[in-house]
Amino acid sequence: AEEVVELAQLHANSDGDAWMMLVGGEHGGRMRPDYEGTRPGPYLAGHCSLHWIGRVYSRLVRFFGRDKVIVIAQLQETLQWLREASKDEESAQRLAGRSALLPMLQQQLSEVLESCADLIADGGAHYDGPEANPATVLEVLRGERPRSIPSRVRSVLLLLVSHGHAHPAGPGTSHHEWYMHLPYPVPESDATLYDVVSHQGFHEVDPHPDWDWGAPKHRWRLYSQMLFQAYHSMLE
């Protein structure tokens with residue numbers, strides 16, 4: 001109840017110009033064959049963020065209005081994968097690696113449809129599939145996408161849901177770089193976004209350095225330093 005009052009006050013104090021941005025992440029390893037070789041490709045059952053993105057959207061959209069909410073998440077992509085994987089045992093074996101997972105996959109589909117029902121009814125995520133990457137988050141914050149946070153708004157609530165961690169900034173330093181995971185990488189053309197991050201330190205702690213992701217692994221991570229830079233751009 002106290003949170004509802006605070007949100008109502010935020011809306012009133014912002015003269016109706018409060019925006020909300022929801023970002024649903026996931027570990028990049030979910031989008032490729034796993035390190036142990038137990039599945040052939042992407043695995044989108046048990047998605048770490050969609051349940052919470054759907055719940056938050058349902059509870060908070062009324063305080064902002066759909067036109068002032070931006071969602072970045074693998075909603076449609078995950079639903080498509082779950083529908084295909086939960087058709088029958090052959091589909092479960094082909095996509096999830098085990099036919100015995102069929103009941104769980106069917107349950108997962110039902111749960112995502114339930115938790116994200118309001119978001120689906122309102123048109124789903126604005127940025128889905130491969131657009132669920134760190135560059136999209138930063139570009140939306142800086143007003144560089146067709147659907148973005150406008151400049152000079154009164155307030156922005158940014159809610160990030162994903163796995164995350166930290167790694168040393170480099171050998172022999174006690175400083176760390178903090179990050180969260182997104183399911184897709186920043187395009188190579190935007191690789192300079194990482195110029196503000198000491199991402200090389202991850203090589204010292206990578207548990208699977210021989211697991212090939214097809215591109216440098218840091219490009220799946222949204223680092224706190226990158227967010228700080230985006231915030232600075234918004235305030236200029």
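Helices here are DSSP runs of H or I with at least four residues, strands are E runs of at least two, and both are numbered from the N terminus.

**Ground rules.** I'm in a predicted model, where local features need pLDDT of at least 70, side-chain atom pairs need 80 or more, and totals for chains, interfaces and linings use all residues. Numbering runs from 1 along each chain as its sequence is written, and side-chain values use heavy atoms, without hydrogens or water.

**Burial of H7.** I checked how enclosed H7 is: eight of its eight residues are buried, so the rest of the structure largely encloses it. Buried is under 20% relative accessible area, exposed is over 50%, and partly exposed is in between (1.4 Å probe, protein chains only). What covers H7 includes strands E1 (18-24), E2 (69-72), E3 and E6 (221-223), plus helix H8 (224-235).

**After H7.** Glycine 143, just past the helix, has a positive phi of about 75°. Most residues other than glycine have a negative phi. I found arginine 152 exposed, at 76% relative accessible area.

**Cores.** Of its 37 residues, Phe64, Val71, Trp81 and Leu105 touch the most other members. Helix H2 (50-64) gives the largest share, eight residues. A second, separate core of 28 residues includes Ala135, Leu138, Val140 and Met180.

How values were computed. Contact means heavy atoms within 4.5 Å. A nonpolar core is a set of buried Ala, Val, Leu, Ile, Met, Phe, Trp, Tyr and Cys residues joined through side-chain atoms within 4.5 Å.
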